[in-house]
Amino acid sequence: MGLDGNFYWKVLPLVVAETGVFAYAFTSDLRTCQVVLGLLGLWWCFAALWVEIRIEQAYPGFQYDAPADPAMKAYRPFCDFAPWATCSKVLMSPPGRFLRYFGIAKQLPAGALKDPDLGAVDKVRGMIDVPNPSLGVLFFAAHLFYPALLLLPIITPLLPWLFFAACCGVGLMTVWLAFNLFFVLKDFCVVCVSMYVANFALIPMMYGICKLHRLSVGDYEFFGAVPKNVLYPFLAMDAVMGVAVVALYLSTPAHAREVGYTQMPGDAA
């Protein structure tokens with residue numbers, strides 16, 4: 001199968017650990033499940049962002065379909081562990097920024113956001129041109145801190161169903177991303193697949209919360225029934241990873257995929 005040391009020493013232990021986390025989430029009450037999936041999803045999003053920034057740092061203008069250094073000697077992500085499992089290729093491919101891919105966001109030249117002549121619409125489109133895991137951070141953080149959002153009085157009655165609609169939308173996007181992963185790129189990305197599982201699991205979980213008709217912060221244990229000796233280390237780990245990703249991003253001019261963009265096979269006319 002061509003598995004290398006990254007699989008045995010890094011990916012396999014992570015998969016075993018997350019299998020246990022998923023098992024705990026799926027056998028817990030709804031709010032506990034939501035918290036656990038939020039924590040796990042945040043971890044994988046931060047891991048993906050770290051990998052993307054480090055790749056662009058090591059290989060400016062990285063070409064996902066024709067890397068200058070196929071062996072990835074300067075930096076090889078932990079999630080590259082076989083010829084058929086290269087997360088570097090997947091994360092840096094065009095679907096990795098689906099807002100740009102579908103023309104919602106827009107890639108702007110460096111420093112363009114400071115241009116006073118830039119239109120408001122283009123400025124917004126440039127600001128939302130972010131990697132998918134950045135959107136994932138917002139998505140999973142919203143689930144993690146869901147009871148706090150019930151303090152917003154205007155949308156509180158609709159909040160559970162808005163969350164459910166968002167989960168369904170993310171689920172549809174996940175189907176599209178999975179199709180590109182397995183049938184277009186013909187690759188495997190453990191980071192992506194882990195997030196896919198969390199995305200799909202949140203749909204029935206959120207539907208269950210909607211059916212409870214609980215619209216007050218007091219209706220929930222804020223972090224569910226997650227044991228404190230698990231919750232606090234997990235929260236700390238996610239927080240440290242988040243700070244580390246921001247620090248890495250700010251410490252280098254090599255920001256993920258801001259120097260180039262390549263079409264997917266078949267996109268060109």
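Me: Why is F183 called exposed in this predicted model?
Reply: The relative accessible area of F183 is 57%. Exposed requires a value over 50%, so F183 is assigned to that class.

Me: What makes F179 partly exposed?
Reply: F179 has a relative accessibility of 45%. Buried would require under 20% and exposed over 50%, so F179 counts as partly exposed.

Me: How do you know that F179 and F183 are separated by about one helical turn?
Reply: Both residues belong to helix α8, and they are 4 residues apart, which means a separation of about one helical turn.

Me: Why is A178 called buried?
Reply: A178, which lies in helix α8 (residues 159-184), has a relative accessible area of 16%. Buried means under 20%, so A178 is placed in that class.

Me: What does the UniProt record list for "transmembrane region", and what is the chain over residues 161-183?
Reply: The unreviewed UniProt entry lists several spans under that heading, among them residues 7-26 and 161-183. In the model, residues 161-183 are 100% helix and 0% strand, with the end C-alpha atoms 33 Å apart. Residues 7-26 are likewise 100% helix and 0% strand, and their end C-alpha atoms lie 26 Å apart.

Me: How many aromatic pairs does the structure hold, and why is the pair of F81 and F188 called edge-to-face?
Reply: The structure holds 22 aromatic pairs. In the pair of F81 and F188, the ring centres are 6.4 Å apart and the planes stand at 75 degrees. Pairing requires centres within 6.5 Å, and planes over 60 degrees apart count as edge-to-face; the pair is therefore edge-to-face.

Me: Which parts does the pair of F81 and F188 tie together?
Reply: F81 is in strand β1 (residues 80-82), whereas F188 is in the loop between α8 and α9, so the pair ties together parts that are 107 residues apart in sequence. Both rings also belong to one aromatic cluster with F7, Y8 and W84.

Me: Why are F81 and F188 placed in their accessibility classes?
Reply: F81 has a relative accessible area of 2%, under the 20% limit, so F81 is buried. F188 has 24%, which lies between 20% and 50%, so F188 is partly exposed.

Me: What makes the pair of F179 and F183 tilted?
Reply: The planes of F179 and F183 are 35 degrees apart, with 5.5 Å from centre to centre. Stacked applies under 30 degrees and edge-to-face over 60, so the pair is tilted.

Terms used: Residues numbered from 1 in each chain as written. Predicted model: local features only at pLDDT ≥ 70, side-chain atom pairs only at ≥ 80, totals over all residues. Heavy atoms only, no water. Helix = DSSP H or I, 4+ residues; strand = E, 2+ residues; numbered from the N terminus. Buried < 20%, exposed > 50% of the residue type's maximum accessible area, 1.4 Å probe, protein only. UniProt positions renumbered as here; feature names shortened; annotations may be inferred. Phe/Tyr/Trp six-rings, centres within 6.5 Å; stacked < 30°, edge-to-face > 60°.
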